[in-house]
Amino acid sequence: MKNLIDKLRTTKDLSNDELRELIESSEFDSYLFSVADEVRRSVYGTDIYIRGLIELTNYCKNDCYYCGIRRSNKCAERYRLSKEDIMECCKSGYELGFRTFVLQGGEDAFFSDEILCDIVSSIKKEYPDCAVTLSLGERSYESYKRLYDAGADRYLLRHETALTEHYRRLHPDNMTLENRKACLFNLKEIGYQVGAGFMVGSPYQTTDNLIADLRFLQELQPSMIGIGPFLTHKDTPFKDFENGSLELSLRMLAILRLMFPYALLPSTTALGTADKDGREKGIKAGGNVVMPNLSPSSVRKKYELYDDKICTGDEAAESLLNLSKRMESIGYKIVVSRGDVKKC
Ligand code: SAM
């Protein structure tokens, strides 16, 4: 198995059978993580980039079976941030050292192109040294273009799963994988730094699905890849499924680092929720980005994608000092930087 890991490091690719072997065995995880860490250090050193996550709205027109803010969840207490709220988040984030703001939310028609372009251009005007990342789901080519022209730099849109049959089991019929993928290619064509990604251990997922996810990412060549374990939410149709495994999520992160040495790989909130040291473990397995929560504390609990999503501990932006200390204790340092991808 060690020779497979070395081969992946050198060639950045393996056959499907070799990938299957690697994905399905935990025996050499510590070697895999140490090689992934070396590769990450060779590109990004010990720098950890931070992103201030602003959760704009938990209204969503979609009904993804796994997601706590899905339209049919009548228990979700809905909210929307105003432009003033968002500018206030950016102000406190900038003072804390954030140079990237991520505006994420459900697919909420209230946030028209006009409203969003105004927000994006105001942030860019006030903080010209900062990057703006959007993560607002599927929109038209024209909409993405308008937002890009207003100053947005990056867009995160996880493909969720790369095979239609599996996609169909996670989403209702009005959502298609075809459109999700088309959106990602549109975003790339427009000039965004694009992020895709998937949940690990989502219901019905097989190793074949994970291999297909890796193959799709090879085709897309994104700048950012966000993955994390699927975690259940009590008010969704998937409430009785098992949570995705932390171990497999870390292994996939390390495999991604070897296949995509230059990618920006967040150690996600879902990892931090699955395990109290999940974020540190993600960094040690090859991650190089963390996304502390900058949303107003009054709404954080309401953006509950899965049960017990962490929001008031060291992942909160105000606790950046604690997060820095935790990162330093494992040999990394949080830097004040836009943290752009080094090469794509
Ligand atoms: N609406 C935007 C979109 O569709 O990309 C952004 C918000 S969406 C809630 C952000 C991500 O949360 C999704 O891409 C999904 O992978 C993740 N997510 C949602 N429910 C989850 C769950 N139960 N466990 C883990 N991740 C989840």
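## Exercises: a ligand and some aromatic pairs

The ligand takes up the space of the largest cavity. The model you have open is a predicted one, so let's work through it together.

**Exercise 1.** Which polar backbone atoms lie by nitrogen atoms of the ligand, and at what distance? Then find how far an oxygen atom of the ligand is from the side chain of Arg180.

*Solution.* Take Tyr66 to begin: one of its polar backbone atoms is 3.0 Å from a ligand nitrogen. Then go to Arg180, where an N or O atom of the side chain is 3.1 Å from a ligand oxygen. Finish with Leu231, which has a polar backbone atom 2.7 Å from a nitrogen of the ligand.

**Exercise 2.** How many aromatic pairs does a search of the whole structure find? Classify Tyr44 with Tyr49, and Tyr204 with Phe238.

*Solution.* The search finds 13 pairs. For Tyr44 and Tyr49, the ring centres are 5.8 Å apart and the planes stand at 90°, so this pair is edge-to-face. Both of these tyrosines, Tyr44 and Tyr49, are buried. Now turn to Tyr204 and Phe238: their centres are 6.3 Å apart with 70° between the planes, and this pair is edge-to-face.

Key: Residues numbered from 1 in each chain as written. Predicted model: local features only at pLDDT ≥ 70, side-chain atom pairs only at ≥ 80, totals over all residues. Heavy atoms only, no water. Polar contact = N/O pair within 3.5 Å; in protein donor to acceptor, adjacent residues only side chain to side chain. 1 Å grid on protein atoms, 1.4 Å probe; cavity = no way out; pocket = protein on both sides within 12 Å on 5 of 7 lines; lining within 4 Å. Sits in = over half its atoms within 2 Å of the grid points. Phe/Tyr/Trp six-rings, centres within 6.5 Å; stacked < 30°, edge-to-face > 60°. Buried < 20%, exposed > 50% of the residue type's maximum accessible area, 1.4 Å probe, protein only.
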